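This report covers a single chain.

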Amino acid sequence: MPDIFDKTSSGFWYEFEQATEQEYPTQIKKASNLVRVSAINFPSINTQTIEEYFLYQDSVTHQGKRDRIVFHCCEFEDFEVLKINAAFEFEGCTFAKQLNIESNGKGLKFKHTKFLSEANISGNSSSICQLQLNDCYFKESVCIKNFDFLRDKSNVRDFFSTRFHATKFAKSLVLENVTFQKELTFNSVVWPKKIIADRDIFRQLKVCMEEQKNILQANVFHSLEMDEYRKELSWTNVDDWQDLFVFTVNKVISNNTLSWWRPLFWIFVASYIFYGSICGFNAIKACGWNGFFHFMNPLNRSSELYHSVYTTWFIHKVIMVFLVYHLVVALKRKTKF
């Protein structure tokens, strides 16, 4: 990416302010309603920088306010811009360090953009503000907050249509005070393993996925919703302990039916413990595995061999039914049988 200004120079912003479209026709466009810059490596940018060099045609009198600020194929160091009443568009850009951006209602659009450090993207909680992520990559943690995502506001002036397309969250995602309507679509979005949000946000995302027939991802958000519900319960509340017991057991056994190997693991562990308590823990070594698997088989109704310890045998079978149920449901969610 060619540098038309030296970002390490103390005179960078003076040179940028003096630059004209005639000098740099492909890099700079300053119109009455927007400013567009291309192929520039910027030093740190903050709210004051935006107001002084981008937002107003006259930075001294603050006359001639622009509605759109567009960055194309630019690179940024620290970027911290808060409560600017303008639409921001970033295409083909790279944020090398931390991004903190807060829209004041106009909307934020990121396309073909890389975020190599932490990112905090905020809308305006008091008004509708749209966010568009198209072919973006977040390497580190990202926080998205204060957005009321509607299906389409592109017909309204100064609004982007909300879109989530071909975007990857590599590490973690925090969602705060956001609303997802069920008509929203998520195409080729790679969600991180760690998502932090409240129960209602997970419910909304689950509904969005169900509307798209994305059953696998809907199951993930259903599991996260159930886990958040479990956290809301308390052992000290008489009305909560039964639900809390069920959800805790489900979490441990199968991660709310998302994991098929966990119930398989517990089937083996539970059978080993019960078999060892009945026949001795050296029985497998002495008698081989056939007797153990015969005992572990949940469909085996023969109890003659264990008549003297029928209660223990029966409890084991009940536990096996419960564990096998979790195994079947977890496999069913991963397949179409």
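The sections below go from the whole chain to single contacts.

## Basis

This is a predicted model: local features need pLDDT of at least 70, side-chain atom pairs count only at pLDDT 80 or more, and totals for chains, interfaces and linings use all residues. Residues are numbered from 1 along each chain as its sequence is written, and side-chain values use heavy atoms, with hydrogens and water left out.

## The chain as a whole

The chain holds nine helices and 22 strands. Both are DSSP runs numbered from the N terminus: helices are H or I with at least four residues, strands are E with at least two.

Of the 337 residues, 43% count as buried. Buried means under 20% relative accessible area, with a 1.4 Å probe and protein chains only. Among contacts between residues at least 6 apart in sequence, 45% join residues at least 24 apart. A contact means heavy atoms within 4.5 Å.

Two packed helices are described by the angle between their axes and the distance between the axes. Axes are lines fitted to C-alpha atoms, for helices over the stretch in contact, and angles run from 0 to 180 degrees between N-to-C directions.

H4 (residues 215-232) packs on H5 (residues 241-254) at about 135°, with the axes 9 Å apart. The pair is therefore oblique. Angles under 35 degrees count as roughly parallel, over 145 as roughly antiparallel, 65 to 115 as roughly perpendicular and the rest as oblique. The crossing is left-handed, meaning that the near helix is turned anticlockwise from the far one by less than a right angle; clockwise is right-handed.

From H4, Met226, Asp227, Tyr229 and Arg230 take part; they meet Asp243, Leu244, Phe247, Thr248 and Lys251 of H5. These contact residues divide into four nonpolar, one polar and four charged. Ala, Val, Leu, Ile, Met, Phe, Trp, Tyr, Cys and Pro count as nonpolar, Asp, Glu, Lys and Arg as charged, and the others, Gly among them, as polar.

## Helices H6 and H8

H6 (residues 261-279) and H8 (residues 289-296) pack at about 110°, axes 10 Å apart. They are therefore roughly perpendicular. This crossing is right-handed.

H6 contributes Ile267, Phe268, Ser271, Tyr272, Phe274, Tyr275 and Ile278; H8 contributes Trp289, Gly291, Phe292, Phe295 and Met296.

## Gln130

Gln130 sits in the loop between strand S14 (119-122) and strand S15 (131-134). Gln130 counts as buried because its relative accessibility is 0%. Its side chain reaches the backbone oxygen of Asp148 at 3.3 Å.

Definitions and conventions: Buried < 20%, exposed > 50% of the residue type's maximum accessible area, 1.4 Å probe, protein only. Polar contact = N/O pair within 3.5 Å; in protein donor to acceptor, adjacent residues only side chain to side chain.
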